[in-house]
Amino acid sequence: MNILIVGLGEVGSYLAKVLSTEGHSITVVDPDLQRMRRVADLLDVQAVHGDGSRPDVLDRADAHQADLLLAVSNDDKVNMLTCLFGKRMGAKKTVLRLRDTSAVRRSKTFFRKNLQYDLLLSLDDLAAEEVVKTVRLNQALGVDNFAEGRVQLRRFVMQDGGVFTGQQLKDLKLPPGMLITAIDRAHEVLVPGGGDDLRIGDEVFVLGKPKAIAAFEKKLGQKQGKPRAVVVFGGSGIAQQVCQQLQREHVDVRVIVEDRTEAEHLSEVLKGVVVLHADATDLNFLQEEHVADADAFLGISEEDERNLMSCQLSKSLGVGRTVALVQKPDYVSLYQRLGIDLAVSPRLLCANRILAFVRSRSISTIATIEEGKAEVLEIELPAGSGLVGKKLKEAGFPRGCVVAALTREDGQVVIPRGDDELHAHDQLVLFVLHRVVDQVLALAGIVRE
């Protein structure tokens, strides 16, 4: 692929390094001449000096020939203009990295149409999702979030004597708001019909609303984890998102904020969360608040050093698990050597998400199952699609594809049934076997590059 990378910060430099070694033709753009020369000297890339939001700079970088344009600078406004101008100049696909997505969340369709990006990535959103994953103590083997956390994909193992083991899917009394989308049986992925049964050892993929999946997990009758409690340090956007997601999963959350203004703001936003205005590196305070009794301590402020120190102190008191946010990707392994259970780098998460897209060659792929045997796709149904106005049961999706969730333009999330109608600009979450991915995308009116 011809890939144009605008912005050579931590994300852009990492992507340039990995993608150039994988044989792609890489062009990089950055206004910092010294940084650009350093990357050009180390890697086999073409380098263009300048502001990537300017059309003349994009023209010198041959944006019209780009199969993929990655707008990953540290400036949201530069990235938005880069995507807009790049697409209009002929770039086939564009990826927009934003730090602040609050405005975009309120008017997704408006921003997508006018900025013309194909994939939107937020460092805060990716980091919050990753942090939340680490504190789940349920029996699910893995958890992925879609539709901004309102839809989850989780895996469960069917055990001998389980309430659903041995039953056919058509006979299962499942909680409303969820679907069994696939079965992994001896490393073969099946999209089941009503006549398929669940067997001992099957890994079952369940997709739906978190509350419905929690009810399904309870019905399995297996041993549940104890009530969970988490202490969060930080008042950033990431910390706020983490607290809100954990609340939705009925986790007892306390958040430590060192800045009084941020503490007052969070206490207004986070109803039901205990907000403590205190120093997270004060050992006496941590002891008084019985941090050791928590299942996890999350150091996710914007200050790496204080994240590390507060996690180490909490670990010394006996907290079950520690997670620290780290801005420098190179420091991830160092944090873990210093005793942190998990170090989360937003920039590394963003870069790896882009790498997953490049390697899959599909902008729609958001998760892969069993080394690519199946994919989870998230697509927007184009206004001109032949599926618009059809009921799901009439759409003609092939065997091997499950439409697992719909997000309407007004933000409503629907776990669909056969009589639900497809609308223009619906966001569809699809579970698809690899062999029918192209067929499904063509049916929806989407060309896979």
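How much space lies in the second largest pocket? I looked it up and got about 530 Å³. For my notes, a pocket is an open set of points on a 1 Å grid over the protein atoms alone, where a 1.4 Å probe fits, with protein on both sides within 12 Å along at least five of seven lines. The volume is the space filled by probe spheres set on the points.

I keep in mind that this is a predicted model, with local features needing pLDDT of at least 70 and side-chain atom pairs counting only at pLDDT 80 or more, while totals for chains, interfaces and linings use all residues. Residues are numbered from 1 along each chain, and side-chain values use heavy atoms, without hydrogens and water.

Next, the lining. I found 22 residues around this pocket, each with an atom within 4 Å of a point; L179, P192, C401, V402 and V403 lie nearest the centre.

Then I turned to salt bridges (a side-chain nitrogen of Lys or Arg within 4 Å of a carboxyl oxygen of Asp or Glu). The structure holds 20 of them. R399 pairs with D196, the closest N and O atoms being 3.6 Å apart. This pair ties together parts that are 203 residues apart in sequence, because R399 and D196 lie in separate loops, between strand 19 and strand 20 and between strand 10 and strand 11 (strands are DSSP E runs of at least two residues).

Lastly, I noted a network of salt bridges linking K87, K93 and D118.

How values were computed: Helices (H or I, at least four residues) and strands (E, at least two) are DSSP runs, numbered from the N terminus.
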